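Confidence comes at the end.

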Amino acid sequence: MPDSRSIYSLIYRSQASRAVHEVTLNALLRKARQYNQSARLGGLLLFANGQFLQVLEGPEPALSDLYARIRADPRHYEVRTLSYGPITERAFPDWRMAFAPTNKELFEKATGFLPLAAMPGLTAHPTPELHQQLRDFVQDLAQDQ
């Protein structure tokens, strides 16, 4: 069982269901930010062309509990874990849930280093380079952290 004092990082991608559009996405973000603040979770969400890429950071078991809820959420499917593991420090310490709506080309650029086209493999430990690339990408795009 994970140490409850440790901070973990989770990165996943998923395909949005048809029920997801701008209005429902805004409501989802409001609820996520409230929940994340109370659970000491944070991260960022990218959305483009019906795809989500999300980085979540925080203590266990709050992180795995949230991910179980995410995996069961009918607003998306094909939820695939790209990375999960303990980290020494948060990559997004001040973001309850940053959101960056992007176009398909920018999304592919931001996620081009991740194996999204094929069956993605699970990276046991998120690399600092991966976090830095995502931080750099969303720095100017992120809304309402």
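Buried residues account for 48% of the 145 residues in the protein. Here buried means under 20% relative accessible area, exposed means over 50%, and partly exposed lies in between, with a 1.4 Å probe and protein chains only. The protein exposes about 8000 Å², of which carbon and sulfur atoms supply 52%. Such areas come from the Shrake-Rupley method with a 1.4 Å probe, and for residues only the protein chains shown count as cover.

This is a predicted model, in which local features need pLDDT of at least 70, side-chain atom pairs count only at pLDDT 80 or more, and totals for chains, interfaces and linings use all residues. Residues are numbered from 1 along each chain as its sequence is written, and side-chain values use heavy atoms, with hydrogens and water left out.

Now the fold. The protein has four helices and five strands. From the N terminus on, their order is β-α-β-β-α-β-β-α-α. Both kinds of element are DSSP runs numbered from the N terminus: helices are H or I with at least four residues, strands are E with at least two. Of the contacts with a separation of 6 or more, 82% join residues 24 or more positions apart. A contact means heavy atoms within 4.5 Å.

Next, the rings. The structure holds three aromatic pairs. Rings of Phe, Tyr and Trp (its six-membered ring) pair if their centres lie within 6.5 Å; planes under 30 degrees apart count as stacked, over 60 as edge-to-face and the rest as tilted. Tyrosine 8 and tyrosine 84 are stacked, at 5.4 Å centre to centre and 20 degrees between the planes. This pair links strand S1 (residues 7-16) to strand S4 (residues 76-87), across 76 residues. Tyrosine 8 counts as buried because its relative accessibility is 10%. Tyrosine 84 has 28%, so it counts as partly exposed.

Tyrosine 12 and tyrosine 67 form a tilted pair, at 5.5 Å centre to centre and 40 degrees between the planes. Tyrosine 12 sits in strand S1 and tyrosine 67 in helix H2 (residues 62-72), 55 residues apart. Both tyrosine 12 and tyrosine 67 are buried.

How far can the model be trusted? The mean pLDDT of the protein is 76, and 63% of the residues score at least 70. pLDDT is the predictor's confidence in each residue, from 0 to 100. Confidence is highest in H2, at 95, and lowest in helix H4 (residues 128-138), at a mean of 64. Over residues 115-125 the pLDDT is below 50, and this stretch has 24 contacts in the model beyond near neighbours in sequence.
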